Amino acid sequence: MSTQVLERPELKDADTGPEMFHYVRKEKIAESAVMGTFVVALCGETFPVTKTPKKGSPVCPKCKEIYDSYRE
């Protein structure tokens with residue numbers, strides 16, 4: 001299973017911290033960005049792709065934990 005850090009920030013108020021990005025299946029990213037379809041993150045969140053993460057962007061802790069368990 002191929003995954004990549006994704007593109008849906010969890011919108012936060014300025015005082016609640018930075019936006020976070022999720023892991024989703026790589027092949028679904030372009031489809032979502034072009035067609036507006038929803039993707040499902042490893043943590044179960046569903047959303048359309050709207051942003052590309054920058055290096056060092058914070059990642060959803062649940063997604064990261066699940067992704068790391070696949071790599072062991």
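Colleague: Which residues does Glu31 touch, not counting residues up to four places away in sequence?

Modeller: Glu31 touches Gly36 and Thr37 on that count, where contact means heavy atoms within 4.5 Å. This is a predicted model, in which local features need pLDDT of at least 70 and side-chain atom pairs count only at pLDDT 80 or more, while totals for chains, interfaces and linings use all residues. Residues are numbered from 1 along each chain as its sequence is written, and side-chain values use heavy atoms, with hydrogens and water left out.

Colleague: Where does Glu31 lie?

Modeller: Glu31 lies in helix α1, residues 26–35. Helices (H or I, at least four residues) and strands (E, at least two) are DSSP runs, numbered from the N terminus.

Colleague: What separates the C-alpha atoms of Glu31 and Pro48?

Modeller: A distance of 9.6 Å separates them, and the two residues are 17 apart along the chain.

Colleague: Turning to the overall layout, what pattern does the chain follow?

Modeller: Along the sequence the pattern is β-β-α-β-β-α, which comprises 2 helices and 4 strands. Of the 72 residues, 25% count as buried.

Colleague: Which residues form the largest nonpolar core?

Modeller: That core has 9 residues: Tyr23, Val24, Ile29, Val39, Ala41, Phe47, Val49, Cys60 and Cys63. A nonpolar core is a set of buried Ala, Val, Leu, Ile, Met, Phe, Trp, Tyr and Cys residues joined through side-chain atoms within 4.5 Å.

Colleague: What is Cys63 in contact with, leaving aside its neighbours within four places in sequence?

Modeller: Cys63 is in contact with His22, Tyr23, Ala41, Leu42 and Cys43. Tyr23 itself counts as buried, at 10% relative accessibility.

Colleague: How many aromatic pairs does the structure hold?

Modeller: The structure holds 1 aromatic pair. The rings of Tyr23 and Tyr67 have centres 4.5 Å apart and planes at 5°, so the pair is stacked. The pair links distant parts of the chain, with Tyr23 in strand β2 (residues 23–25) and Tyr67 in helix α2, 44 residues apart. Rings of Phe, Tyr and Trp (its six-membered ring) pair if their centres lie within 6.5 Å; planes under 30 degrees apart count as stacked, over 60 as edge-to-face and the rest as tilted.

Colleague: How many salt bridges are there?

Modeller: There are 2, a salt bridge being a side-chain nitrogen of Lys or Arg within 4 Å of a carboxyl oxygen of Asp or Glu. Glu27 and Arg25 meet at 3.7 Å, N to O, and Lys64 and Asp68 meet at 3.1 Å, N to O.

Colleague: Where do Lys64 and Asp68 lie?

Modeller: Both lie in helix α2 (residues 61–71), 4 residues apart, about one turn of the helix. Lys64 is partly exposed at 41% relative accessibility, and Asp68 is partly exposed at 28%.

Notes:
Buried < 20%, exposed > 50% of the residue type's maximum accessible area, 1.4 Å probe, protein only.
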